[in-house]
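I opened my notebook for a look at one helix and its surroundings. Here is what I looked up, in the order I did it.

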Amino acid sequence: MSANSRNRHNPPASPALARMPRMCELNARDRLLVLSRGHVGRLAFISHGRIELLPVHYVFVEGAIVGRTSLGTKYMGWLVRDEIVFEVDESDGLFDWRSVVVRGMVRILRPRGPEPERAEYRRAVAAIRTLIPDAFTERDPTPSRGVVFAIAPLAITGRMASTHDGPGVRGTA
Amino acid sequence: MTRIAPLMASLVLLSAASMEAQTALTVQPESRVILHGRSNVNSWSCATSTFQTRFDVDSGARVEGLEPRSKFVRLTVTLPVRSLDCGKRRMNEDMFRALKADSFPEIRYVLTSYEADEQLPTADSVSVNSVGELTVAGRTRRVEIQVNGTRNDAGGLRGNGGVKLLMTDFGIKPPTAFFGAIRTKNSLEVGVVIRATTAYVARGSP
């Protein structure tokens, strides 16, 4: 067997995979960091007996996930079944990623009603405007997304993969 | 009025229920006050073992005069709101805010009368229906608390009591969290766990 054929069947390890990837759970601090850095997540819920999975933009504020979406009948399902799963991830490569999964309860916020509820709505809108300053104004880039929601995280889990030394989470030591 | 030292007196009513009106009991650290409630997500509880009891009698009255519904007896139980522990720091803060701890740092219960149950299942049993005034977040409401317990050979007492309340009766808006996604139910139950030992016999003393 020539040296060339041997190399074809047993190529040397590429520099990118010289270090074996490691996968582990994210600690509590890093889970919150990933949630805080992200602005687009995926929201899974059951509506009319079907599993729905939709991308939504969001802000992580006061320990809650606050976002907005379009008015649709499937969201009305939240009024009767408010259990959801939310996921956000960061991916820098096949073996360099972080993923956080939140299980919680979703609530639609309304601009009307008792003052405490209106105050919650105003705080949520203010939080969304940190992401989209023109949200809910005449210059709103997505005016159709008129439903404001908040998710209470009841359980937060996270996993990561990394080929680098150290914790491997951006922004951490 | 004569004030007997905090944590030493109290519970004389329970002694009186078993016809030993002058036996005072010391409340043990295992005694607790527990708030049980529910939210749209789960049930929760907050508890404290930090409370003070004070027993006031009219020094002009004979001790033997301590009878059920006597106007000469006053038992006061005070607990610091911020001693309540709900198991999570964030929930503690939500609870303190709901109870307006900054303005009203104490929860106070003042016994105004009691009635011992004469129909007891065993000789060691103690059963008292107490009536008192409960002050929470600056509002006072009349409450009835049924306390049932047993007396041990050393004269100590193990008792439990409870009362169901509505937060709104005390002007408390049921707490919410996470922009209202978690909402506490209005009703809650206050439980009392009493563990006490005999401290001294007050017969003949003021």
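This is a predicted model: local features need pLDDT of at least 70, side-chain atom pairs count only at pLDDT 80 or more; totals for chains, interfaces and linings use all residues.

I began with the buried residues of α4(A), and they are A:Glu120, A:Tyr121, A:Ala124, A:Ala127 and A:Ile128. I then checked how they sit around the axis: their arc is only 120°, which means that they lie on the same side of α4(A).

Next I asked what the buried residues of α4(A) pack against. I found β3 (50–61), β4, β6 and β7 of chain A. On the face turned away from the buried side, I noted the exposed residues A:Glu115 and A:Ala119.

I also checked the length of α4(A). Its 15 residues at 1.5 Å a residue should span 21 Å, and the end C-alpha atoms are 21 Å apart, so the two agree.

Then I turned to the partner chain. I found 16 residues of chain A in contact with 8 residues of chain B. On chain A, β4 (64–69), β6 (96–109), α4 (115–129) and β7 (147–162) each supply at least two residues of the side that touches chain B. The largest share, 5 residues, comes from α4(A). By class, I noted 11 nonpolar, 1 polar and 4 charged residues on that side of chain A.

Last, I looked at chain A as a whole. I listed 4 helices and 7 strands, running α-β-α-β-β-β-α-β-β-α-β from the N terminus. Of its 173 residues, 27% are buried.

Terms used
Residues are numbered from 1 along each chain as its sequence is written. Chains are lettered from A and ligands numbered from 1 in the order in which they are written. Two residues are in contact if their C-beta atoms, placed from the backbone, lie within 7 Å. Ala, Val, Leu, Ile, Met, Phe, Trp, Tyr, Cys and Pro count as nonpolar, Asp, Glu, Lys and Arg as charged, and the others, Gly among them, as polar. The expected span of a helix is 1.5 Å times one less than its number of residues. A residue is buried if 20 or more other C-beta atoms lie within 10 Å of its own, exposed if 12 or fewer, and partly exposed in between; C-beta atoms are placed from the backbone. The arc is that of the directions from the helix axis to the C-beta atoms.
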